[in-house]
Every structure is written in C-alpha cells, then in structure tokens.
Amino acid sequence: MQTSREEDGGIIIGVLYVLGFLTMQQIGSLLDLHASFYQELLGNKSSNALRALIYNKTLRLSPATNKEFAQGEIINFIEVDSGKLVEVAQSFPMVARLPIQLIF
C-alpha cells in the first residue's frame, strides 16, 4: 500500500509533466508564428522585387518593339507571376521539412 508521501510525489511529477508539455506547446506555437511571419516577409520582398524588375523592363521597351502583348496583358502577367512567387516562398519551408517528417 502506498503512503500519502508517495502519492503526493506522483501527483507533483504529473503536474510538472503537464506544465512542461504546455510550456513546450506555447514555445512551439510562438516559433511557428515567427517562422510564418518571416516566410511571408520573404515572399512579399521577392514579389516586389520581381514586379520592379518587370516594370523596369517594360518601361525600357518601346510600344513599337512590343507588338506581341498589350500593356494590360503584361501587367496581368506581373500580378500572376508575383503571386505565384509569394506562394512558393511560403510553402518552400514545408516542402523542405517533409522528408524529415516522413523519416521520423
């Protein structure tokens, strides 16, 4: 038969495990939000850089040399391509972690 001291020690250990688990969950959540913020920041920076490059190239072309696409089509290409670049920047860390998650 267990004494009350042994039962109290078991309860204390259980409470410490729960507190440790909750602390690790909070730390993991904060790190996940931090990583998501920097992924979005990277995606937005790269999207803006791509837009600037394409706008500069568009401004250097004269309308006479660019008869294949209208100005509106070029703007549409810029928006679609830069949006895809943002999606890639946000999903790349998940793709990089996938093999490790599959192994473990």
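Let me start with charges: Lys and Arg count as positive and Asp and Glu as negative, while His and the chain ends are not counted. The place of a charge is NZ of Lys, CZ of Arg, CG of Asp or CD of Glu. On that basis, the mean positions of the 8 positive and 10 negative charges of the protein chain lie 15 Å apart.

A word on the source. This is a predicted model, where local features need pLDDT of at least 70, side-chain atom pairs count only at pLDDT 80 or more, and totals for chains, interfaces and linings use all residues. Residues are numbered from 1 along each chain as its sequence is written, and side-chain values use heavy atoms, with hydrogens and water left out.

Now the overall shape. The protein chain has two helices and zero strands. Both terms refer to DSSP runs, numbered from the N terminus: H or I of at least four residues for helices, E of at least two for strands. The C-alpha trace spans about 95 × 25 × 15 Å along its principal axes.

Next, the surface. The protein chain exposes about 8800 Å², with 67% supplied by carbon and sulfur atoms. Areas come from the Shrake-Rupley method with a 1.4 Å probe; for residues, only the protein chains shown count as cover. Buried residues make up 10% of the 104. Buried means under 20% relative accessible area, exposed over 50%, partly exposed in between (1.4 Å probe, protein chains only).

I11 sits in helix α1, residues 4-60. I11 counts as exposed because its relative accessibility is 54%. G28 is also in helix α1. At 36%, G28 counts as partly exposed. Its C-alpha atom is 48 Å from that of R60, 32 residues apart along the chain. V80 belongs to helix α2, residues 71-103. V80 is partly exposed, at 39% relative accessibility. The C-alpha atoms of V80 and L41, 39 residues apart along the chain, are separated by 18 Å.
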